[in-house]
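I opened this notebook to record what I looked up in one structure. The entries follow the order in which I consulted it.

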Amino acid sequence: MKVILASDHAGIELRQELVSLLKERGTGFQDLGPQTRESVDYPDFASQVARAVVAEEGTLGVLVCGTGIGMSIVANKHRGIRAALCTTEFEARMTRAHNDANVLCLGQRVVGAGVARGILEAFLSTAFEGGRHEKRVQKIRDVEAQQR
């Protein structure tokens, strides 16, 4: 498994905390930045992560901004992305198990570092259940195909 992360200027500290967790776990990752607190546009970073996740099967993405909302909106505009804004470990487990989400979005101004670490751990350690959920995820793919 590989994780690709990015944030905007409002999510740098939380993103760095999550990078530390990935290092502790020995999980491969790529950090797309930014590296300074200079104002940047979150759509640019969300799109970079979304394109990378779609390009490399088995890759998961993590996006952090102030609330996580903007990142999730942009990421979900990309075909093949199922981004979920999560504020609890339960949501993270359910979105992986039932929706096969491949991008986790977090808000630095919404969740603290400890909660975010738990959310990411739950997201990474939960597999898609398939079964009855597979037909629903296929319906998401069908909607994407109709839009383009």
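For these entries I take helices (H or I, at least four residues) and strands (E, at least two) as DSSP runs, numbered from the N terminus. I note at the outset that the model is predicted.

**Entry 1: the sheet.** I looked up the strand order and found 5 strands in an open sheet, β2-β1-β3-β5-β4, with parallel pairing. The edge strands are β2 (28-31) and β4 (83-85), each of which pairs on one side only. From one strand to the next, the twist averages 20°.

Entry 2: Which strands does helix α1 touch? I found that α1 (residues 12-25) packs on the sheet and touches β1 (2-7), β2, β3 (59-65) and β5. The direction of α1 makes about 165° with that of β1. Helix α2 (residues 42-55) also packs on the sheet, where it touches β1, β3 and β5. For α2 I recorded an angle of about 170° with the direction of β3.

**Entry 3: backbone geometry.** As background, most residues other than glycine have a negative phi, and most peptide bonds are trans. I looked for departures from this. The peptide bond that joins Gly33 and Pro34 is cis, with omega about 5°. I located Pro34 in the loop between β2 and α2. Asp100 is not a glycine, yet it has a positive phi of about 50°. I placed Asp100 in the loop between α4 (89-99) and β5.

**Entry 4: the largest pocket.** I noted a volume of about 180 Å³ for the largest pocket. Which residues line the largest pocket? The lining consists of Val53, Val54, Glu56, Glu57, Gly58, Thr59, Gly80, Arg82 and Asn102. By class, the lining residues divide into 2 nonpolar, 4 polar and 3 charged.

**Entry 5: the UniProt record.** I consulted the unreviewed UniProt entry, which lists under "binding site" Asp8, His9, Gly66, Thr67, Gly68, Ile69, Gly70, Asn99, Arg109, Arg132 and Arg136. These positions are spread over 129 residues of sequence, and in space they lie up to 39.6 Å apart between C-alpha atoms.

Conventions
Residues are numbered from 1 along each chain as its sequence is written. This is a predicted model: local features need pLDDT of at least 70, side-chain atom pairs count only at pLDDT 80 or more; totals for chains, interfaces and linings use all residues. Side-chain values use heavy atoms; hydrogens and water are left out. Two strands pair if DSSP finds at least two bridges between them. Axes are lines fitted to C-alpha atoms, for helices over the stretch in contact, and angles run from 0 to 180 degrees between N-to-C directions. Contact means heavy atoms within 4.5 Å. On a 1 Å grid over the protein atoms alone, a cavity is a set of points where a 1.4 Å probe fits but cannot get out, and a pocket is an open set with protein on both sides within 12 Å along at least five of seven lines; lining residues have an atom within 4 Å of a point. Grid points are joined across faces, edges and corners, and a volume is the space filled by probe spheres set on the points. Ala, Val, Leu, Ile, Met, Phe, Trp, Tyr, Cys and Pro count as nonpolar, Asp, Glu, Lys and Arg as charged, and the others, Gly among them, as polar. UniProt positions are given in the numbering used here, feature names are shortened, and annotations may be inferred rather than shown by experiment.
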